[in-house]
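I opened my notebook to look up a few places in this structure. My entries follow the order in which I looked.

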Amino acid sequence: MNKKYKRQTKAQAEEIVKILIDEYGGQEVGLHFDTPFQLAVALILAAQCTDERVNKTTPILFKKYPTPEKMMRADLEDIKKIVKPCGFYNNKALSIKETARMIVEDYNGRMPEDIDELQNLRGIGRKSANIIMLEGFGKCEGIAVDTHVGRISRKIGFSNKPAPTEIEKDLLKLLDRKYWVDLNHVLVLHGRQKCIANRPQCNECPISSLCKKND
Ligand code: SF4
């Protein structure tokens, strides 16, 4: 049975985002870092791992290897040992070392300040590239769409597309640029605290009266 997808108008979408910003506060990345490179490393480690765990691991890693040059020359086995608590450590260590090498050899030691170039780095997808542009360089180029953002966007009536890149396009069209910065942050928190997958707490939800509650 195909139920018709119920969409928000621009005005309603804006109202929803304002309520969510009010509820959860503005943008604040949970990962600790000093440079865009360190943020990229933290984001690689954060895949299927909590920010808390990453934040316990990165001080040890960054003390030994704070820059792309030092990370590129690090012993891979040592990186693996340090990042092991974050899970998938073989792959994550390889991504970190390779990303460091690319920054040094392909970008003269400087993180590329470009959303497309950032996605050339190993372990950095569009979501992480968006976060690096925003948090590392202070530039809002788009909206990072992860599982929470995708799922809730569909539920509340922001987008009925399945692919994150398509959802992002809908969100960019629907919402004024000034809301882009906060959207990922508030939807992630909303997904963790109220609109939990398979058991949404609609009775306690601050946007319940506006939500389209799509399947
Ligand atoms: S009303 Fe329910 S489904 Fe809609 S956003 Fe809130 S918790 Fe999620």
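**Entry 1: a loop glycine**

I started with Gly-138 and asked: is Gly-138 buried or exposed? Gly-138 counts as exposed, because it has 8 C-beta neighbours inside 10 Å. I noted the cut-offs: a residue is buried if 20 or more other C-beta atoms lie within 10 Å of its own, exposed if 12 or fewer, and partly exposed in between, with C-beta atoms placed from the backbone. Gly-138 sits in the loop between helix H8 (126-137) and helix H9 (147-156). Helices here are DSSP runs of H or I, at least four residues long, numbered from the N terminus.

**Entry 2: ground rules**

I wrote down that this is a predicted model, where local features need pLDDT of at least 70, side-chain atom pairs count only at pLDDT 80 or more, and totals for chains, interfaces and linings use all residues. Residues are numbered from 1 along each chain as its sequence is written.

**Entry 3: helix H2 and the core**

Next I looked at helix H2 (residues 36-46). In H2, 10 of the 11 residues are buried, so the rest of the structure largely encloses this helix. Among the buried ones are Phe-37, Gln-38 and Leu-39. I looked up what they pack against and found H3, helix H4 (68-73), H5, H6 and H8. Just after H2, Gln-48 has a positive phi of about 55°.

Then I followed Leu-43. Leu-43 touches Leu-31, Ile-124, Ser-128 and Ile-131, leaving out residues up to four places away in sequence. Contact means that two C-beta atoms, placed from the backbone, lie within 7 Å.

Leu-43 also turned up in the largest nonpolar core, among the residues with the most contacts inside it. That core has 56 residues. A nonpolar core is a set of buried Ala, Val, Leu, Ile, Met, Phe, Trp, Tyr and Cys residues joined through C-beta atoms within 7 Å. Which helix gives the most to this core? H2 does, with nine residues. Why does the core lie between two domains? Domain 1 (10-27 + 143-204) and domain 2 (36-110) both give residues to the core, so it lies between them. The domain bounds come from an automatic or database assignment. The C-alpha centres of the two domains lie 30 Å apart.

**Entry 4: two helices with two sides**

I turned to helix H10 (residues 164-174), where Pro-164, Ile-167, Glu-168, Leu-171 and Leu-174 are buried. Seen down the axis of H10, these residues fall within an arc of 130°, so they line one face. The arc is that of the directions from the helix axis to the C-beta atoms. On the face turned away, I found the exposed residues Thr-165 and Lys-173. The buried residues of H10 pack against helix H1 (10-24), H8, H9 and helix H11 (180-193).

Helix H5 (residues 76-83) came next, with Ile-79, Ile-82 and Val-83 buried. They cover an arc of only 85° around the axis, which puts them on the same side of H5. Glu-77 and Lys-81 are exposed on the other side. The cover over the buried residues of H5 includes H2, helix H3 (51-64) and helix H6 (89-106).

**Entry 5: a buried lysine**

I checked Lys-97, which is in helix H6. Lys-97 is buried, because 20 other C-beta atoms lie within 10 Å. Leaving aside neighbours within four places in sequence, Lys-97 is in contact with Met-71, Met-72, Ala-74, Leu-76 and Ile-79.

**Entry 6: positive phi**

Phe-88 is not a glycine, yet has a positive phi of about 45°. Phe-88 lies in the loop between H5 and H6. With 15 C-beta neighbours inside 10 Å, Phe-88 counts as partly exposed. Asn-198 is not a glycine either, and has a positive phi of about 70°. Asn-198 is in the segment after H11. Asn-198 is exposed, with 4 other C-beta atoms within 10 Å.
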